[in-house]
Amino acid sequence: KNYIAMLENLFDLVKQHAGDAIINNPAIPNEHNDEAVSIASGSIMDGLKGALANGNMNDLLHMFSNSDNAAASPVSQGIQGNLIQSLMGKFGINNSAAAGIASSLIPVVLQQFVSKTNDPNDSSFDIQSIVNNISGGKTSGMDIQGLLNQFTGGGGGSTQSSGGGGLADMVKGFFK
């Protein structure tokens, strides 16, 4: 999938869950609802990119291996923090209001995002395309689904790499 289509799907997913957090929230003027949804979508993509760029592939794989825990992942916490700062900067709302938006929206969206990514009957997102897109194509030769299977114990693979550094070290070099 191309990056634009993936962003559009993510924007739509955020918008589906933006009801009380953004659409019905008096802190965000109605004329800025789409912009706030766009900022939330961008925060998710930036958070995923940041996790990869910082060598946190294990955190990403863990998040994508269990949609129930996606909201509690370090990646989710980082995304929420970025969204809080973006909303405060863009709309001048206070930290408490921005934190309320982030904490009610991001966990639900990430859980759905991961669930859709892991659903073989849903083609709106797939892990290989997501990682290839957020890495700028730097991981295009890697079998991300295979790594995810190793991480979750699926596919019979070991989570230990022969180099001893684990999955994070396998992708760190792509971002130097």
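**Exercise 1.** Determine which residues of helix α4 are buried, and where they lie around the axis.

*Solution.* Begin with the definitions: helices are DSSP runs (H or I, at least four residues), numbered from the N terminus, and a residue is buried under 20% relative accessible area, exposed over 50%, and partly exposed in between (1.4 Å probe, protein chains only). Under this criterion, the buried residues of α4 are Met 57, Leu 60, Leu 61, Met 63 and Phe 64. Next, take the arc, which is that of the directions from the helix axis to the C-beta atoms; these residues cover an arc of only 160°, and therefore lie on the same side of α4.

The model is predicted, so that local features need pLDDT of at least 70 and side-chain atom pairs count only at pLDDT 80 or more, while totals for chains, interfaces and linings use all residues. Residues are numbered from 1 along each chain as its sequence is written, and side-chain values use heavy atoms, with hydrogens and water left out.

**Exercise 2.** Describe how helix α3 packs against helix α4, and classify the residues in the contact.

*Solution.* Axes are lines fitted to C-alpha atoms, for helices over the stretch in contact, and angles run from 0 to 180 degrees between N-to-C directions. Helix α3 (residues 33-53) and helix α4 (residues 57-65) pack at an angle of about 135°, and their axes are 7 Å apart. That makes α3 oblique to α4, given that angles under 35 degrees count as roughly parallel, over 145 as roughly antiparallel, 65 to 115 as roughly perpendicular and the rest as oblique.

With contact meaning heavy atoms within 4.5 Å, Leu 48, Ala 51 and Leu 52 in α3 meet Met 57, Leu 60, Met 63 and Phe 64 in α4. By class, this contact has 7 nonpolar, no polar and no charged residues, where Ala, Val, Leu, Ile, Met, Phe, Trp, Tyr, Cys and Pro count as nonpolar, Asp, Glu, Lys and Arg as charged, and the others, Gly among them, as polar.

**Exercise 3.** Find the buried and the exposed side of helix α1.

*Solution.* The buried residues of α1 (residues 3-16) are Met 6, Leu 10, Leu 13 and Val 14. They cover an arc of only 100° around the axis, which puts them on the same side of α1. On the other side of α1, Ile 4 and Gln 16 are exposed.

Key: Helix = DSSP H or I, 4+ residues; strand = E, 2+ residues; numbered from the N terminus. Expected span 1.5 Å × (residues − 1).
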